[in-house]
Amino acid sequence: MLRDLQESPLGQKANQIESMTIEMVAMLFDFIFETKDLPDGIKALLARLQIPVLKAAMLDGAFFAKKTHPSRLLVNALAEAGLGWSPVMGTTDPLYKKIEHIVHRILDEFSDNLALFDDLRAELESFLADEEKAAEANIATTAEEINQRDRREIAGVVSKSEVERRIESYQIPQFLARFLRQKWQVALENIYLTQGEESEAWSSGITTLEDLVWSVQPKRSPEDRKHLVALLPSLLKRLSGGMHAQSWVGDEREAFMANLVEAHAAAVKPSLAQMASPTAAVSEAAKVQAEVAKASGDQAAAAKAEALAVAMAPAEPAPPEPVKEVLDDEYLEIARNLERGMWVEFEDEGGQLAFSKLAWVSPLRGTYLFTNRQGQKALSMTAEELADRFRADRARLVEAEPLIDRAFTSVLTQINEKLGDEAETIH
């Protein structure tokens with residue numbers, strides 16, 4: 001529109017200052033049309049402000065110098081609000097209709113009263129504040145879901161670490177390692193989630209873990225043997241109490257208890273006291289018994305001895321967790337420095353683009369929650385996952401600097417380059 005004005009008879013009659021003003025405002029809108037930081041539908045609405053903005057610039061020479069000029073502030077506010085709209089929302093979306101309403105009012109009412117821009121910006125801010133209040137409820141609900149998920153992940157990591165540390169540090173039989181990994185670790189996770197790591201219940205759960213591991217170690221002194229006998233009633237009671245929230249009945253429970261009795265008997269047996277693992281010796285003896293039973297045709301005895309051999313065999317440490325390589329580069333730096341309220345443009349699997357705002361950051365694991373302007377969840381991810389998207393060009397940080405201010409920087413750069421080229425030509 002402004003380019004057409006420059007070529008029109010009216011534009012031809014403009015003096016030098018007026019021509020320069022038209023050119024600079026035209027360059028501002030060129031920048032707006034070319035930016036990737038706005039949906040095309042919002043650009044189309046802002047395009048209708050070309051003449052009013054030109055008029056404001058003609059009326060007030062401070063337009064180019066003052067970042068706080070009313071018309072500049074309003075266009076910036078409209079552009080920032082427009083990030084929250086996407087074509088799938090349609091032109092009946094409340095935000096789109098509000099921006100459209102403001103544009104129409106400027107077209108219909110603006111003549112020389114710059115205060116109109118301030119009034120309309122206040123109206124827009126009030127609308128956005130009301131939407132923000134409604135969005136907070138949605139954000140709070142989703143944030144709590146992520147918090148709980150993060151807590152469960154942390155509970156799993158902490159509980160597994162406690163269990164695996166004992167299995168790696170002591171020689172324990174396979175049946176006990178299986179119980180600790182499959183049952184007691186879950187019990188510890190539940191305690192962590194419901195009562196926390198500082199609770200008495202957590203301390204009791206860890207003590208039970210340590211007592212179980214200690215109970216199957218060789219008892220080389222009378223004091224150790226006496227301590228085990230005194231400990232067993234309390235240990236079994238704590239064990240039963242810790243399993244109340246899980247299914248642990250019937251054959252599974254009976255098999256575990258039978259193996260535990262066998263392991264305790266081996267631990268206090270004088271002939272096995274000097275061995276590093278009495279239960280490993282029981283396993284080896286059971287293998288021999290199984291072979292003898294097979295040779296004599298006693299299949300039932302052979303099966304029982306084989307089961308005991310497997311149960312008492314030394315537990316293997318867990319395989320090491322795969323270590324995901326974190327690429328510490330500028331993309332990770334950008335992701336880690338993101339602040340609440342910043343906008344990111346994401347590309348989904350189908351190639352569709354959408355703007356989402358960083359609405360919340362988990363205090364537990366630093367998980368990012370991105371939402372639309374209504375606070376509805378778009379997606380959540382870690383800083384490392386966001387950096388991967390930046391790296392693959394499937395996400396792009398939206399410039400935080402106001403649109404018109406960036407446009408001015410671009411215009412001034414172009415003018416300086418043009419002047420430099422002209423000076424070189426003259427020289």
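Guide: Two strands pair here if DSSP finds at least two bridges between them, strands being DSSP runs of E with at least two residues and helices runs of H or I with at least four, numbered from the N terminus. The model is predicted, with local features needing pLDDT of at least 70, side-chain atom pairs 80 or more, and totals for chains, interfaces and linings using all residues. Residues count from 1 along each chain as its sequence is written, and side-chain values use heavy atoms, without hydrogens and water.

Visitor: Okay, what order do the strands of the open sheet take?

Guide: The 5 strands go 4-3-2-1-5, with antiparallel pairing. Strand 4 (377-381) and strand 5 (395-397) are the edges, each with a single partner strand, so one side of each has no neighbour in the sheet.

Visitor: How many bridges join strand 2 to strand 3?

Guide: There are 4, linking residues 353-361 with residues 368-371. In one of them, Leu358 is partnered by Phe370 of strand 3.

Visitor: And which strands does helix 8 touch?

Guide: Helix 8 packs on strand 2, strand 3 and strand 4 (contact means heavy atoms within 4.5 Å).

Visitor: Is Asp150 in that helix buried or exposed?

Guide: Asp150, in helix 8 (residues 115-169), counts as buried because its relative accessibility is 0% (buried is under 20% relative accessible area, exposed over 50%, partly exposed in between; 1.4 Å probe, protein chains only). Beyond neighbours within four places in sequence, Asp150 contacts Ser362, Leu364, Arg365 and Thr367.

Visitor: New topic: which residues of helix 12 are buried?

Guide: Phe256, Asn259, Leu260, Ala263, His264, Ala266 and Ala267. On the other side of helix 12, Asp251, Glu254 and Val261 are exposed.

Methods. Axes fitted to C-alpha atoms, helices over the stretch in contact; angles between N-to-C directions.
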